[in-house]
Amino acid sequence: MNRSEFILAIHIDDNFLNVVHLGRTANGLRLFASETVPLEEGLVKDGQIINTESVSQKIRHFVAHARPKPHKVVMLPSCTTVRLKPSEFPHQPKDQLQNLVEEQIREYTFFGNREIVFDYCVFAARNADTQTVLQAVTTRRVSDSYLAVARQAKLALVRITPAIMPIIKLMLDKSSPRIKDVSLLLAIESASGNISVYKNARPHLCQNLSIGVNDVLESQDGATSLAEKLKPVLEFAQSIADHDKLVLKVAAACSSARLSEIVSKIKSLFNDVEVGQINSTDIIKQLDIKGADNQHPPIFAFISALDHLDVYEFDGQLNLVSADSINRQKTRNEMSLLTKCIIAVILLSIAATYPIEMKLRTVEASSANIEEKITETIPMKRKVAGIKSRIKKLEENQAAYSAAYDMLTVIPWAQILRDIAENIPNDIRILDISSSVDSTNFLIIGQALAESNVYSFAKKLQKTDFIETAKVDEVEYSKDGAATLLNYKIACKTNPSGSNL
Amino acid sequence: MIIEKLEKLDKSQRIKIAVMAVIATGWLSYYVITRSSAIKLNQAEAKYTDIQNEFADMETQLIGLSKLEERFAYLQNQFDRQKQKWFTRTQALQFFENINAMALAHNLRPISRIISEPEILFDNKKEEAEPQNHSLRTQSARVIVTGNYFDIVDFVGDLTLPDRARKVSIRDMHIALAPGDDFYPRAAFNVVLLVDLSQEDEA
């Protein structure tokens with residue numbers, strides 16, 4: 001089902017907010033909901049909405065409980081706020097007719113210098129040279145207040161149409177079998193009304209009435225007052241009527257019972273007039289509207305909703321909203337959307353900081369945790385540094401001890417002296433063995449009988465492990481009595497590596 | 001006032017203005033609201049990385065602590081063994097005191113024994129260098145004995161036994177026969193010991 005086939009029609013008069021939620025479904029027309037909501041005094045005065053917020057709040061309340069959710073709305077201002085004027089125009093294309101109507105409306109002075117908006121509907125009989133255009137005019141202030149109500153109720157305003165216009169369409173609809181019977185239409189709201197005269201399905205006179213349902217039924221002289229107001233109109237109708245007996249149809253914004261009461265009062269007032277009523281129950285039966293069991297939807301809103309769903313076909317019908325107002329509403333809506341977008345972007349930025357802040361906290365907590373661990377291990381770190389320092393000192397000491405230890409050369413004197421003793425020839429005598437200061441060299445001084453023995457001794461010494469070199473340093477012969485002695489000196493160098501063997 | 005100005009614009013201009021307004025708001029919101037948080041986060045993450053690296057270094061150090069302790073114990077043990085190769089001053093004096101008895105044990109006649117004061121040990125190769133450790137000293141005793149040559153050899157061998165734990169060095173060896181004496185030479189030499197004064201201090 002297409003959403004555009006649902007419509008909310010709202011008729012606002014001084015005392016009541018009349019709401020009808022109608023739609024076209026696969027099974028035909030369906031009434032989803034309808035309600036007549038009382039309005040507190042002062043919210044609407046003479047059809048002019050004084051407090052748009054309160055009125056829109058009541059609409060929002062209705063919309064909140066409505067299923068399916070309505071989106072589009074048709075608003076019907078009270079009869080008193082709209083002036084209706086029938087005019088004759090020759091047959092011509094629609095756009096030319098609209099221009100002519102617009103020109104004529106410019107000359108309209110009823111509302112003084114106030115900015116006005118207009119609507120019109122074309123009524124033409126077949127084979128006629130002229131057509132009747134029913135012009136509807138109201139002030140822009142009135143239409144803007146209805147536009148504001150629709151906007152505040154978050155509904156898309158499809159059209160503002162005079163409350164009486166859809167009723168007229170219903171009456172003059174070509175398919176209606178009672179078209180020839182109708183001469184007058186009395187439409188009554190709670191505090192105002194409208195009487196119109198028709199001839200050959202074309203309006204001839206439209207006049208607003210300052211008398212409503214409450215006045216007719218609750219005031220003692222209400223009926224008399226109504227009779228006085230209707231009398232000149234009936235006389236005019238009588239003057240143009242083709243039939244002997246006038247037919248008056250009554251539509252009222254009230255229950256069926258009260259409507260019947262009004263009709264009977266009018267009947268009692270005008271015996272020569274055939275009085276009938278237009279009520280929603282008959283229309284529901286006629287159009288076989290579903291979901292309307294035991295419901296009596298308010299007539300003006302109900303017929304307006306039907307009109308929107310193209311039940312009645314007429315040319316014309318613009319919108320009682322100025323282009324400027326619609327443009328302004330559109331701009332406000334766009335501004336509202338833009339504001340929401342900007343707020344969303346700002347919120348998004350703020351929201352984006354949340355995960356960042358969370359991550360930041362996590363990172364900071366982790367950092368603090370690690371820092372705490374680091375702090376806890378500072379003594380360990382000091383211990384490591386202390387051990388390293390002690391190791392270094394120990395290594396230095398070791399090196400110092402080793403170096404000092406290695407510095408002290410140990411000459412294996414016992415072995416050297418033993419080698420000297422073992423290798424000395426028989427005829428050689430040692431007188432003195434003396435070493436140098438560092439003990440690496442030593443000198444053997446002695447006496448021998450033969451020089452060869454000295455060299456032999458030196459050679460033998462050189463072959464030992466701990467003497468690196470043994471050289472005969474000095475050989476000197478001397479006389480000791482008869483014998484000749486050989487004084488010798490053998491210079492020896494110890495073998496340092498031999499000491500390590 | 002803004003609405004009145006916007007009313008005069010066509011649809012494409014309105015869309016342009018709306019898009020620009022949203023982009024500008026987004027940009028402004030980012031710089032005013034989100035950016036500072038993002039910068040803080042980056043700084044915190046950088047700090048966290050630094051701390052993590054520091055912690056990783058420290059953990060590595062702590063893992064090495066046990067190895068360091070093992071190494072220290074090993075080196076300490078090694079050093080203790082190394083120190084045992086050195087005489088304490090008392091041990092040195094005791095050793096010198098025993099020399100005469102040792103000489104007598106080898107049938108030698110002790111003539112003299114002069115014990116010197118400990119001297120600071122210098123590196124011969126680096127004469128100008130400062131001593132590496134002032135507690136390490138050498139202490140010597142000038143020993144003079146007379147007796148049989150082979151007894152002298154045995155005596156010297158006994159003093160410098162290779163399996164002796166501590167190093168004993170014989171220096172300035174001088175063995176000579178006295179005039180008219182063909183059998184009992186006189187041996188004079190310095191017995192040099194390595195002394196670690198710090199061990200006395202520790203004791």
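This is a predicted model: local features need pLDDT of at least 70, side-chain atom pairs count only at pLDDT 80 or more; totals for chains, interfaces and linings use all residues.
**Entry 1: helix 2 of chain B.** I looked up the extent of this helix. Helix 2 of chain B covers residues 11–83, which makes 73 residues. From its first C-alpha to its last it reaches 101 Å, close to the 108 Å expected at 1.5 Å a residue. I then looked for a bend and noted a kink of about 50°, centred on B:Thr34.

**Entry 2: the contact between the chains.** I recorded 65 residues from chain B and 65 residues from chain A in the contact. On the side of chain B that touches chain A, the elements giving two or more residues are helix 1 (2–7), helix 2, strand 3 (136–146), helix 4 (149–159), strand 4 (168–176) and strand 5 (186–196) of chain B. Which of these gives the most? I found that helix 2 of chain B does, with 36 residues. By residue class, this side of chain B divides into 33 nonpolar, 18 polar and 14 charged.

Entry 3: I checked strand 4 of chain B for a partner in chain A. Strand 17 of chain A (residues 428–435) pairs with strand 4 of chain B in the antiparallel sense, over three bridges. I noted A:Asp432 opposite B:Ala176, the latter in strand 4 of chain B.

**Entry 4: a five-stranded sheet in chain A.** I traced an open sheet of five strands in chain A, in the order 3-2-1-6-10, with mixed pairing. Its edge strands are strand 3 (28–38) and strand 10 (156–160) of chain A, each of which pairs on one side only. The twist from one strand to the next averages 20°.

Within this sheet I followed strand 2 (residues 16–25) of chain A, which runs antiparallel to strand 3 of chain A and is joined to it by ten bridges. A:Leu22 stands opposite A:Leu31, which belongs to strand 3 of chain A. I also noted what packs on the sheet: helix 3 of chain A (residues 140–152) touches strand 6 (72–76) and strand 10 of chain A. The direction of helix 3 makes about 150° with that of strand 10 of chain A.

**Entry 5: a β-α-β unit in chain A.** I looked up how strand 14 (residues 246–252) and strand 15 (residues 273–277) of chain A are related, and found them parallel and joined by five bridges. One pair I noted is A:Val250 with A:Gln277, its bridge partner in strand 15 of chain A. With helix 7 (residues 256–269) of chain A, strands 14 and 15 of chain A make a β-α-β unit, whose hand I recorded as right-handed.

Key. Residues are numbered from 1 along each chain as its sequence is written. Chains are lettered from A and ligands numbered from 1 in the order in which they are written. Helices (H or I, at least four residues) and strands (E, at least two) are DSSP runs, numbered from the N terminus. The expected span of a helix is 1.5 Å times one less than its number of residues. The bend at a residue is the angle between axes fitted to the seven residues ending there and the seven starting there. Two strands pair if DSSP finds at least two bridges between them. A crossover is right-handed if, with the strands pointing away from the viewer, the path from the first strand over the helix to the second runs clockwise. Two residues are in contact if their C-beta atoms, placed from the backbone, lie within 7 Å. Ala, Val, Leu, Ile, Met, Phe, Trp, Tyr, Cys and Pro count as nonpolar, Asp, Glu, Lys and Arg as charged, and the others, Gly among them, as polar. Axes are lines fitted to C-alpha atoms, for helices over the stretch in contact, and angles run from 0 to 180 degrees between N-to-C directions.
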